[in-house]
Amino acid sequence: MVEKILATLEQSNCATDTTFIQAVSEVLHSLEPIVSSDRRYNDYAILERLVTPDRIIQFKVQWVDDAHRVHINNGYRIQFNNSLGPYKGGLRFHPSVSIGVLKFLAFEQIFKNSLTGLPIGGAKGGSDFDPKGKSEYEIMRFCRAFMRELHPYIGARIDVPAGDIGVGAREIGYLFGEYKHITRNYDGVLSGKPYAFGGSLLRPQATGYGVVYFAREMIKEELSETFEGKICCVSGAGNVALHTIEKLQKLGAIVITCSDSEGTIYDPNGIDLKVVLSLKEGGHRISLEQYRVKIPTATYTSKSEYQEGAHAVWSYPCFGAFPCATQNELNERDAQNLINHGCIIVVEGANMPTESKAIELLQNKGILFAPGKASNAGGVAVSEFEMSQNASMEKWDYDKVDSKLDKLMCQTYKRISLTAKEYGCARNFVDGANIAAFKRVAEAMILEGV
Ligand code: NDP
């Protein structure tokens, strides 16, 4: 059954939609033990419906740069499944954005959102606009032009976009400003808003902190360990990576790497977060090569120097690896390097950063592998907390949000760990996450009818 659905999907999707097919294939193979256990899944064509987006919205975004030149970009919103609640998922502004990439991200989002136990469906959107090198006013004009096209399709009870790569609080602010201007509605239509008007405390930190709360719970339960004195490697130097590093350091870990799209920093004394922040904070995208100007004992390896298709960031001895940059950034060779260097856990901060073959290798060698759809769910969870606060016109204090986030991440770990045990694949958190998430969505789809 699974192979038949995958074959149909490959025929009906573009050959370039490889990440989408990769994500669906991983999920469907995980579900093999469960799909034949309940005939309603077949009767209601749950798998076939689950892999088909509810709708794909595509639009033209026209904007004018500081030199008065006109530019055109593609904008998208993929509303994949709203069985559990309003569509929810980030907006990504990056030149690599395409329908295929967004379909993969939106599909993953359904499962991630289900795992949180919260009432939110799955969606994703964005544009092939490249924010790098753009002025503040160009970013503002682009965001406002994007929202002019997107606004008819979203709403606080319909679809609530948030941030992702290239979209932080600043961009969400501009998007919200335009939405309000057009609709005159001051509601929780976007999450990740600045705290000054409707944002939640801890939203910027939520994904990274959540990754570490999840990992802390996993090593406590599985290894009776803590992060005190443990060497960790983190990739990325954006929102997720920086807050992952911050929380790991708070728990006593020594984080020795971070990276951006141009290269990797290795600092044996532990990454100095203040230096990285001075290069990357507030939308600045200064190369990490500059880190060495402040910390001459660190090593910088540029992308062109990476050896034989292996990423420098995964080439150091460590206890834990945290891929927090982008999809498919940890391949089979990287996984072998991590194994050779004694790595014990791999916890995904980004969405699908580990290639399928690398996951298989890590799991076969007994490495504890936490899939992003579970371990990075803290961001969307606090986005939902923001929706709750907006709907009730409340403001929760920092401790309340933090303790709810911590509890939710621990529960997510427990849910997938128990599910894995129940279905005879203990410690396989990929299968545990896919099965636990699927059961909740499938039940809602059945109860809502066709
Ligand atoms: P940011 O834009 O803040 O940071 C992304 C980081 O990854 C940057 O350091 C960037 O480097 C690097 N990067 C981007 N593309 C590539 C590439 N092709 N190769 C190597 N490095 C790259 O994004 P976020 O931190 O928000 O997101 C990171 C990941 O986490 C994504 O997969 C996202 O979908 C996922 N995620 C994010 C959530 C959030 O709350 N922000 C929630 C859940 C998941 P450079 O600046 O040089 O481009």
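This is a predicted model: local features need pLDDT of at least 70, side-chain atom pairs count only at pLDDT 80 or more; totals for chains, interfaces and linings use all residues.
## The ligand shell

The shell around the ligand holds 25 residues. R92, D164, T207, S261 and N351 come nearest. By class, the shell has 6 nonpolar, 12 polar and 7 charged residues.

Domain 1 (2-187) and domain 2 (206-365) each give the shell at least three residues. Helices contribute too: helix 8 (203-223) supplies at least two shell residues, and so does helix 9 (239-250).

A backbone N or O atom of A237 sits 2.9 Å from a ligand oxygen. For G238, the distance from a polar backbone atom to a ligand oxygen is 3.5 Å. How much of the ligand does the protein bury? Taken alone, the ligand exposes 890 Å², and 87% of that is buried by the protein.

Helix 13 spans residues 356-364. A358, I359, L361 and L362 are buried in this helix.

## Two asparagines in loops

N376 occupies the loop between helix 14 (372-375) and helix 15 (378-392). Is N376 buried or exposed? Its relative accessibility is 5%, so N376 counts as buried; the cut-off for that class is under 20%. The N376 side chain reaches the backbone oxygen of G349 at 2.9 Å.

N428 is in the loop between helix 16 (398-422) and helix 17 (429-448). With a relative accessible area of 17%, N428 is buried. Which side chain does N428 meet in a polar contact of 3.1 Å? The partner is the side chain of Q363. The side chain of N428 also reaches a backbone atom, the nitrogen of V430, at 3.2 Å.

A45 is not a glycine, yet its phi is positive, at about 50 degrees. The residue lies in the loop between helix 3 (39-43) and helix 4 (46-50). Its relative accessibility is 25%, so A45 counts as partly exposed.

N328 gives another case. Its phi is near 50 degrees, a positive value in a residue other than glycine. Where does N328 lie? It lies in the loop between strand 10 (320-323) and helix 12 (332-340). N328 is partly exposed, with a relative accessible area of 26%.

## Sequence separation and spatial distance

L84 belongs to the loop between strand 2 (70-81) and strand 3 (87-93). At 18% relative accessibility, L84 is classed as buried.

V70 is in strand 2. This residue counts as exposed, at 62% relative accessibility. V70 and S278 are 208 residues apart in sequence and 32 Å apart in space, taken C-alpha to C-alpha.

E10 is part of helix 1 (residues 2-12). E10 has 49% relative accessibility, so it counts as partly exposed; a residue must be over 50% to be classed as exposed. The C-alpha atoms of E10 and F20 are 9.7 Å apart, and these residues are 10 apart along the chain.

Terms used:
Residues are numbered from 1 along each chain as its sequence is written. Side-chain values use heavy atoms; hydrogens and water are left out. A residue is near a molecule or strand if one of its heavy atoms lies within 4 Å of it. A polar contact is a pair of N or O atoms within 3.5 Å; within protein, one must be able to donate a hydrogen and the other to accept it, and residues adjacent in sequence count only if both atoms are side-chain atoms. Accessible areas come from the Shrake-Rupley method with a 1.4 Å probe; for residues, only the protein chains shown count as cover. Helices (H or I, at least four residues) and strands (E, at least two) are DSSP runs, numbered from the N terminus. Ala, Val, Leu, Ile, Met, Phe, Trp, Tyr, Cys and Pro count as nonpolar, Asp, Glu, Lys and Arg as charged, and the others, Gly among them, as polar. Domain bounds come from an automatic or database domain assignment. Buried means under 20% relative accessible area, exposed over 50%, partly exposed in between (1.4 Å probe, protein chains only).
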